[in-house]
Amino acid sequence: MDERQLMLKEIQQLEFVAVELNLFLDTHPQDQAALRHFYAVRDKLLAAVKRYEQIYGPLTVVGFTPKTCPWQWIEGPWPWEIEYV
Amino acid sequence: MRRKNTHTRDNSQSVGAGKENNKELPVEEMLWGDLADIKALGLYPPPRLAQAYVLWQKYGKTFSPAEALEKGTLFPELYSPYPY
């Protein structure tokens, strides 16, 4: 697992936790502890995505990739080309 | 205007085959053939077999992100270790 896949793995994990908390908060909108946890995870997730995108290129077109030329979106591997081992 | 009964299968196959079909049928009968027969078979209205009771989930301990992704849930109380 090279550095890139490790970072991707971390992003996937954080995103999964965010989705789980999202679903929980949908039915428990007042839960302070869950809310704190969600916002903490969201900050970590955005930081992880930012780090990844500035090194390896965009995960989403509207991400944090530096405004360079040429257009980066077509450079990175397509999702089905990435080995999620 | 007599509405052509287009919803049920060919009437000869439907359960209430013998029913005279010239009057306008209520929707259930159109869809189910002869409702009396269906009720006799115990298919309608469906019997209530069980009453589910699901505890209201409380926020408590949570898995680490790595463990949560691997186990498929963030909450230990929702995790089932059994393969199927």
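Which element gives the largest share of the lining of the largest pocket? In this predicted model, local features need pLDDT of at least 70 and side-chain atom pairs count only at pLDDT 80 or more, whereas totals for chains, interfaces and linings use all residues. Residues are numbered from 1 along each chain as its sequence is written, chains are lettered from A and ligands numbered from 1 in the order in which they are written, and side-chain values use heavy atoms, with hydrogens and water left out.

The largest share, three residues, comes from H1(A) (helices are DSSP runs of H or I with at least four residues, numbered from the N terminus). A pocket is an open set of points on a 1 Å grid over the protein atoms alone, where a 1.4 Å probe fits, with protein on both sides within 12 Å along at least five of seven lines; lining residues have an atom within 4 Å of a point. The largest pocket holds about 270 Å³, the volume being the space filled by probe spheres set on grid points joined across faces, edges and corners. Its lining numbers 15 residues, with A:Pro58, A:Leu59, A:Trp73, A:Pro77 and A:Pro79 nearest the centre.

The second largest pocket has a volume of about 170 Å³, and its lining includes A:Pro58, A:Thr60 and A:Trp73. A:Thr60 lies in the segment after H2 of chain A and, at 41% relative accessibility, is partly exposed (between buried, under 20%, and exposed, over 50% relative accessible area, with a 1.4 Å probe and protein chains only). Beyond neighbours within four places in sequence, A:Thr60 contacts A:Glu53 and A:Trp73 (heavy atoms within 4.5 Å). The C-alpha atoms of A:Thr60 and A:Trp73 are separated by 8.2 Å.

Technical notes: Helices (H or I, at least four residues) and strands (E, at least two) are DSSP runs, numbered from the N terminus.
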